[in-house]
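Have the model open as you read.

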Amino acid sequence: MPAPHGVDSGNELRILGFLCNWCSYGGADSAGVARLEQPTDLRIIRTPCTGRIDPLFIVRALINGADGVLVSGCHPGDCHYVEGNFHARRRLETLKRILPVTGINPDRFMYTWVSASEAGRWQEVVREFTARIHTLGPAPRMSDTLTETLAAEGLPMQATNGEK
């Protein structure tokens, strides 16, 4: 039996999107209302402002199994809360530089600006990011990465769940 329209038949990845309520969520909603075709991998978390997104939310999502994380908010200068997106940009740029140190591929993370009136831009951003994540494939499990890192350093892997 074929998959229903708009539903990928088994090869969806876990992509998480943190979207500003005032701009990017509106752009995503406009794209949906306009019936613009979009990948179905993205799961959206609506936030009051990108300035309220703690970079640890992104790191935790990637450590806990997300294959990619997208953050999208108002264009700089158009923030509903005046400076929220400037704060977000500073934090997210720092995060982008720190991700490789944690063993996380920085290509699995992206932030962008999309306004409520940019349904076409939203469609383009989602398609591009989803294609990038599909090219990278499923994210390696952090426990596997940790084991490989410890083995490369010649360190024994210690049991963490009561195993001996």
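Let's start in helix α4 (residues 119-136), where glutamate 124 and arginine 121 both sit, three residues apart, or about one turn of the helix. Keep in mind that this is a predicted model. The two side chains meet in a salt bridge, at 3.9 Å from N to O. Glutamate 124 has a relative accessible area of 46%, so it counts as partly exposed. Arginine 121 is partly exposed too, at 29%.

## Bridges across the sequence

How many salt bridges does a search of the whole structure find? It turns up three. Take arginine 43 and glutamate 12, whose side chains meet at 3.3 Å, N to O. This pair links distant parts of the chain: arginine 43 belongs to strand β2 (residues 42-47), while glutamate 12 is in the segment before β1 (15-20), 31 residues away. Both ends are partly exposed, with arginine 43 at 47% relative accessible area and glutamate 12 at 27%.

Then there's aspartate 67, which forms a salt bridge with arginine 14, their closest N and O atoms being 3.3 Å apart. Aspartate 67 lies in the loop between α2 (55-63) and β3 (68-73) and arginine 14 in the segment before β1, so this bridge ties together parts 53 residues apart in sequence.

Glycine 84 has its place in helix α3. Its relative accessibility is 8%, so it counts as buried. Leaving aside residues up to four places away in sequence, glycine 84 touches Cys49, Thr50, Gly51 and Cys79. The C-alpha atoms of glycine 84 and threonine 50 are 6.3 Å apart, although 34 residues separate the two along the chain.

Arginine 91 is in helix α3 (residues 84-102) as well, and counts as partly exposed at 35% relative accessibility. Arginine 91 gathers with Arg52, Arg89 and Arg90 in a patch of positive charge on the surface.

## The chain as a whole

Zooming out, the chain has five helices and four strands, following the pattern β-α-β-α-β-α-β-α-α along the sequence. Of its 164 residues, 38% count as buried. Among contacts between residues at least 6 apart in sequence, 75% join residues at least 24 apart.

As for the surface, the chain exposes about 9,800 Å², with carbon and sulfur atoms supplying 54% of that.

Technical notes:
Residues are numbered from 1 along each chain as its sequence is written. This is a predicted model: local features need pLDDT of at least 70, side-chain atom pairs count only at pLDDT 80 or more; totals for chains, interfaces and linings use all residues. Side-chain values use heavy atoms; hydrogens and water are left out. Patches are made of residues with over 30% relative accessible area and no salt bridge: like charges are joined within 9 Å, nonpolar side chains (Val, Leu, Ile, Met, Phe, Trp, Tyr) within 5 Å. Accessible areas come from the Shrake-Rupley method with a 1.4 Å probe; for residues, only the protein chains shown count as cover. A salt bridge is a side-chain nitrogen of Lys or Arg within 4 Å of a carboxyl oxygen of Asp or Glu. Lys and Arg count as positive and Asp and Glu as negative; His and the chain ends are not counted. The place of a charge is taken as NZ of Lys, CZ of Arg, CG of Asp or CD of Glu. Helices (H or I, at least four residues) and strands (E, at least two) are DSSP runs, numbered from the N terminus. Buried means under 20% relative accessible area, exposed over 50%, partly exposed in between (1.4 Å probe, protein chains only). Contact means heavy atoms within 4.5 Å.
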